[in-house]
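The entries follow in the order I made them.

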Amino acid sequence: MEVFVQQLINGLTLGSIYGLIAIGYTMVFGIIGMVNFSHGDVFMVSAFTGLICILMLTTVLGMSSIFLILVITLVVAMIFTGLVSWTIERVAYRPLRGSFRLAPMISAIGMSIFLSNFVQVTQGPRNKPIPPMVTDVFVIMERDGYQVTLAYKQVIIMAVTAGLLLVFWWLVQKTPLGRAQRACEQDRKMAALLGVNVDRTISLTFVIGAALAAVAGVMFLMYYGVVNFADGFVPGVKAFTAAVLGGIGSLPGAVLGGLLIGLIETFWSAYFSIEYKDVAAFSILVVVLIFMPQGLLGRPEVEKV
Amino acid sequence: MASADPVDATNPDAVKRTDLAQVPPARRPARREKSVVERAVSEALASGLLTFFVLLPLVGFHATESGTGSLVLDYRFGLVAVFALMVTAGRLVLNLTVWRGDGPRRSAARVPPKSVAEAEAVASPWPRLGAVASALVKPVFFGLAIAYPLIAVTLVGGLGPSRYWIDIGIYILTYVMLGWGLNIVVGLAGLLDLGYVAFYAVGAYTFALLSTSVPINDFLAGHLGEGFWTAWSFWVCLPVSGILAAFWGVILGFPVLRLRGDYLAIVTLAFGEIIRLVLINWVSLTNGGAGIASIPAISFFGIPFSSGEGGFAHMFGLPFDSMHRMIFLYFVILGLAALTALVTVRLRKMPVGRAWEALREDEIACRSLGINTTLTKLTAFAIGAMFGGFAGAFFAVRIRFVSPESFTFMESAVILAIVVLGGMGSQMGVAAAAILLIGGMEMLRNLSFLKNEWLFGPNFDPTLYRMLIFGFAMVAVMVWRPRGLVANRMPTIFLKQRKSVSGSLVKEGHG
């Protein structure tokens with residue numbers, strides 16, 4: 001029971017991070033029907049941006065308030081990552097819009113290779129550790145010496161995720177931008193004819209996705225305390241799995257899928273074997289796609305002639 | 001999606017352009033020339049500024065380990081400024097020359113040609129010359145490939161020094177073969193496979209495990225003589241590797257056949273990763289991440305390339321040279337690649353090949369015409385996988401060591417990039433792309449002149465930039481030629497008149 005609760009907490013934390021990344025995949029897929037392969041690496045870039053920002057604030061400016069550091073880092077990482085993603089969309093994907101389907105995908109794979117190697121070249125291939133930031137824990141259960149703990153940083157991660165999702169939900173449902181986005185998702189040509197600036201909407205979709213990935217990146221950095229240039233690929237694929245599991249194109253689905261993947265991964269590691277946890281995640285992806293291609297909350301794909 | 005109607009609303013620029021074209025030239029604003037310059041300057045400044053901010057966090061700051069192990073920051077703002085200035089200048093020059101009065105967006109959002117005839121006119125301005133050239137390309141290419149070791153040895157002077165060049169030749173040909181194998185799946189059948197490296201791994205591990213297996217060796221030593229298995233293992237295992245890989249192709253292909261396009265891509269990617277992770281973790285069989293070493297070397301159909309009595313050199317009365325083995329390896333991979341090409345060309349003319357191409361163009365039409373799509377897809381998967389398996393066995397016998405490190409997603413991405421950059425379905429295009437990408441990547445290893453202190457200084461390591469440039473080149477080629485290097489193709493079957501079809505009229509990759 002204690003192990004179960006502990007793993008539940010860990011899984012939800014991990015799942016929050018996956019869910020935040022998954023939203024970027026699902027939004028981009030919804031609006032232009034493309035699997036944005038470089039999104040995982042954008043996440044990694046954001047973690048590095050967060051690392052630089054934290055170092056800047058602590059070692060150079062000598063700031064000590066954890067709360068301020070986190071808020072500033074989040075904002076800085078969101079802005080810069082959004083900028084990077086905007087540039088990527090502009091340079092690598094927009095010229096290929098309207099081309100055949102594989103073209104943007106190959107371009108995205110190239111971009112993914114470029115980004116991870118760019119970080120390797122500029123920041124070096126080693127793991128980059130930061131000093132632990134939030135170390136306090138609550139003990140919520142204790143029996144026979146086994147403590148179930150809830151770390152402050154886990155609380156922060158879940159709270160920030162939940163808050164952001166609310167903001168994001170409001171953005172998509174209530175604002176003109178969200179309306180434009182949903183319109184483009186349904187029919188880009190019609191939206192353009194009705195005066196929606198399609199290019200700008202798509203760019204903003206990429207920026208929003210990247211900003212959420214940036215939050216995930218900073219959270220990842222804070223949670224594990226270390227980041228590496230190769231850290232983009234596996235979380236990227238898992239977040240994509242989450243997006244597919246929840247039903248690609250569906251925003252609540254992405255979050256739900258993220259949480260499920262996080263839970264499955266932690267429970268698998270705890271009860272079966274830690275070596276095969278990635279195999280478990282990938283197998284779920286395969287099984288879901290084969291038996292339930294529309295995902296948990298997605299709309300079934302209608303085949304049009 | 002790229003419809004040919006005049007008001008292509010997905011490209012607002014296209015609308016703008018048609019409007020502009022209707023304005024008579026005299027009525028355009030007189031100060032147009034100046035505004036072009038103004039726009040060029042402002043756009044260049046904007047790009048420069050953007051570059052500065054994009055590069056600021058990761059290039060401007062560098063987190064380095066201090067003596068105590070914690071990270072400290074270095075600053076490289078000068079570098080960021082240099083890059084920003086370079087981008088500004090480059091954009092300015094481009095805006096004033098190539099993109100003059102016609103932004104990059106507009107030139108990219110080209111409306112596709114309306115008809116096949118028009119496409120043909122666009123595609124080949126000199127049809128005669130094109131036909132002659134395309135008829136010559138294949139024999140010339142093949143002749144060059146056969147003569148390559150001779151050319152390399154003659155030019156470099158001697159067997160020994162040519163080792164590097166032969167090695168590159170083998171390396172490139174391996175990728176040509178892999179590209180041709182994947183081309184069957186992606187280019188012909190239109191099934192996007194991102195896990196092709198799994199079959200490469202199956203082939204390599206099949207050969208590695210069988211050839212180093214002690215029971216098989218003992219059993220055959222008892223029946224066919226000592227050393228039989230060492231000498232013949234490659235030739236026995238090559239078909240076994242291909243068959244096993246094809247078998248895996250069917251196993252993996254079967255459940256995913258209902259999926260389309262991107263979903264198929266992701267599932268194949270997942271399969272590729274699963275196989276790699278199993279190879280890492282199933283230590284008792286595969287020796288895990290440490291890999292399998294001491295795989296027997298290739299033999300000249302049973303005659304080992306050894307220096308002593310009974311070796312290749314001795315049998316043929318040649319002075320012993322370790323390069324004989326390399327050159328033989330070169331011809332083996334050339335033969336395997338040629339086999340792949342030949343089989344593909346022949347299959348395209350058979351019902352199954354035609355079914356593949358029909359499937360690629362329109363799955364629903366295919367099904368309505370009574371083609372068994374399941375069987376068609378499975379054959380494509382299996383045959384593509386079989387060639388991947390052959391290439392894998394060859395890889396294992398060349399390196400004589402296999403480990404999961406060699407079968408990462410990156411390999412799949414590189415092979416897929418070769419197929420797509422080459423122009424899907426085009427054999428020569430795939431070969432050209434393999435030479436360009438793999439050869440180019442190898443050439444990037446030898447940029448030691450950049451270490452000159454006038455350029456980047458001795459601390460500069462050009463190999464670090466290899467994959468960086470590779471990724472960049474992938475994006476650049478895609479943006480420049482989304483249809484690949486060879487974008488036109490001859491239909492294999494036609495009514496009355498053979499026409500070259502522009503790539504932009506074909507919608508493949510629809511899985």
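Predicted model: local features only at pLDDT ≥ 70, side-chain atom pairs only at ≥ 80, totals over all residues.

**Entry: one core residue.** I looked up Ile418(B). Leaving aside its neighbours within four places in sequence, Ile418(B) contacts Tyr175(B), Gly179(B), Val430(B), Ala433(B), Ala434(B) and Leu437(B).

**Entry: the core.** Ile418(B) is one of the residues with the most contacts inside the largest nonpolar core, along with Val215(A), Ile266(B), Ile333(B) and Ala417(B). I read 221 residues for this core. Helix α8 of chain A, residues 198–224, gives the most to it, with 17 residues. From chain B, domain 1 (12–111) and domain 2 (162–420) each supply at least three residues.

**Entry: the contact between chains.** Which chain gives 57 residues to the contact, and which gives 59? Chain B gives 57 and chain A gives 59. On the side of chain B that touches chain A, the elements giving two or more residues are α2 (32–60), β1 (61–65), β2 (71–75), α10 (228–256), α11 (261–281), α18 (409–422) and α20 (466–480). The largest share of that side is the twelve residues of α11(B). I sorted this side of chain B by class and got 44 nonpolar, nine polar and four charged residues.

**Entry: first helix of chain A.** Helix α1(A) covers residues 2–32 and has 31 residues. From first C-alpha to last it reaches 45 Å, close to the 45 Å expected at 1.5 Å a residue. Of its 31 residues, 22 are buried, so α1(A) is largely enclosed by the rest of the structure. Just after α1(A), I found Gly33(A) with a positive phi of about 65°.

**Entry: the record for chain A.** I checked UniProt, where the unreviewed entry lists "transmembrane region" for residues 12–35, 42–60, 66–88, 100–119, 151–172, 204–227, 239–267 and 279–297 of chain A. I took two of these spans to the model. Residues 151–172 of chain A are 95% helix and 5% strand, with end C-alpha atoms 32 Å apart. Residues 239–267 of chain A are 86% helix and 0% strand, and their end C-alpha atoms lie 17 Å apart.

**Entry: a helix of chain B.** In α15(B), residues 351–361, the buried residues are Gly353(B), Ala355(B), Trp356(B), Glu357(B), Leu359(B) and Arg360(B). Their cover includes α7 (163–188), α14 (323–348), α16 (363–368) and α17 (373–399) of chain B.

Notes. Residues numbered from 1 in each chain as written. Chains lettered and ligands numbered in written order. Contact = placed C-beta atoms within 7 Å. Helix = DSSP H or I, 4+ residues; strand = E, 2+ residues; numbered from the N terminus. Nonpolar A, V, L, I, M, F, W, Y, C, P; charged D, E, K, R; others polar. Core = buried A, V, L, I, M, F, W, Y, C linked by C-beta atoms within 7 Å. Buried ≥ 20, exposed ≤ 12 C-beta atoms within 10 Å, placed from the backbone. Domains from an automatic or database assignment. UniProt positions renumbered as here; feature names shortened; annotations may be inferred. Expected span 1.5 Å × (residues − 1).
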